[in-house]
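Subject: Structure handover

Hi,

Here is the structure for your files. My notes on it follow below.

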Amino acid sequence: MPKAGQEIEGFGGMRLRFVTVEPQELVMEASYSGEAGMPPAHLHPSQAEHFEILEGRMRAIVDGEERLYEEGESFDVPPGTPHQMAAEGPTRTRWEVKPALRTAEFFERLYGEGPGSAREMGENFVAEFEPEFRLV
């Protein structure tokens with residue numbers, strides 16, 4: 001079960017630290033090396049996301065509009081809005097998801113190993129987390 005203070009290493013030099021893990025809000029601090037490209041376009045059917053750039057720069061495509069966000073800027077992704085983003089060089093963000101649903105568990109299992117992990121479950125993993133995440 002994910003908890004505040006937990007850190008997870010992701011693909012392409014990403015690191016997530018859970019700051020707040022509550023039913024109505026998940027707050028994370030994400031650090032990126034800037035080596036990874038854009039993830040596939042996706043949406044969150046009933047969750048809103050808010051990103052604040054703490055250090056570095058983040059390129060985001062939100063509902064077809066591309067923009068580069070600099071340190072000190074923030075942006076929102078409303079529920080059901082297709083989006084994708086990638087850091088341009090080393091970047092650190094504050095990332096809020098409301099309501100949290102099972103998003104912390106999604107990341108824990110996406111980047112984890114063993115039974116229940118994305119690697120073990122394949123396509124069934126994405127289907128299990130359809131309320132939180134859908135590919136576009």
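The structure holds 11 aromatic pairs. Rings of Phe, Tyr and Trp (its six-membered ring) count as a pair if their centres lie within 6.5 Å; planes under 30 degrees apart are stacked, over 60 edge-to-face, and the rest tilted. This is a predicted model: local features need pLDDT of at least 70, side-chain atom pairs count only at pLDDT 80 or more, and totals for chains, interfaces and linings use all residues. Residues are numbered from 1 along each chain as its sequence is written, and side-chain values use heavy atoms, with hydrogens and water left out.

One of the pairs is Phe-11 with Tyr-111. It is edge-to-face, at 4.9 Å centre to centre and 75° between the planes. Phe-11 sits in the loop between S1 and S2, and Tyr-111 in the loop between H1 and helix H2 (118-121), 100 residues apart. Helices (H or I, at least four residues) and strands (E, at least two) are DSSP runs, numbered from the N terminus.

Buried or exposed? Phe-11 is partly exposed at 46% relative accessible area, while Tyr-111 is buried at 17%. Buried means under 20%, exposed over 50%, partly exposed in between (1.4 Å probe, protein chains only). Tyr-111 also pairs with Phe-107: the centres are 6.3 Å apart and the planes at 10°, so this pair is stacked. Phe-107 is buried at 8%. Ring pairs link a cluster that includes Phe-11, Trp-95, Phe-107 and Tyr-111.

Phe-107 touches Ile-8, Leu-16, Phe-18, Met-28 and Trp-95, leaving out residues up to four places away in sequence. Contact means heavy atoms within 4.5 Å.

Next, the core. The largest nonpolar core has 30 residues. Such a core is a set of buried Ala, Val, Leu, Ile, Met, Phe, Trp, Tyr and Cys residues joined through side-chain atoms within 4.5 Å. Leu-16, Met-28, Phe-75, Trp-95 and Phe-107 have the most contacts inside it. Elements giving two or more residues to this core include S2, S3, S10 and H1.

Last, the sheet. Six strands form an open sheet in the order S1-S2-S3-S10-S5-S8, with antiparallel pairing. Two strands pair if DSSP finds at least two bridges between them. The edge strands are S1 (7-9) and S8 (74-77). S1 and S2 (residues 14-22) are joined by 3 bridges. Ile-8 has Leu-16 as its bridge partner in S2.

Best wishes
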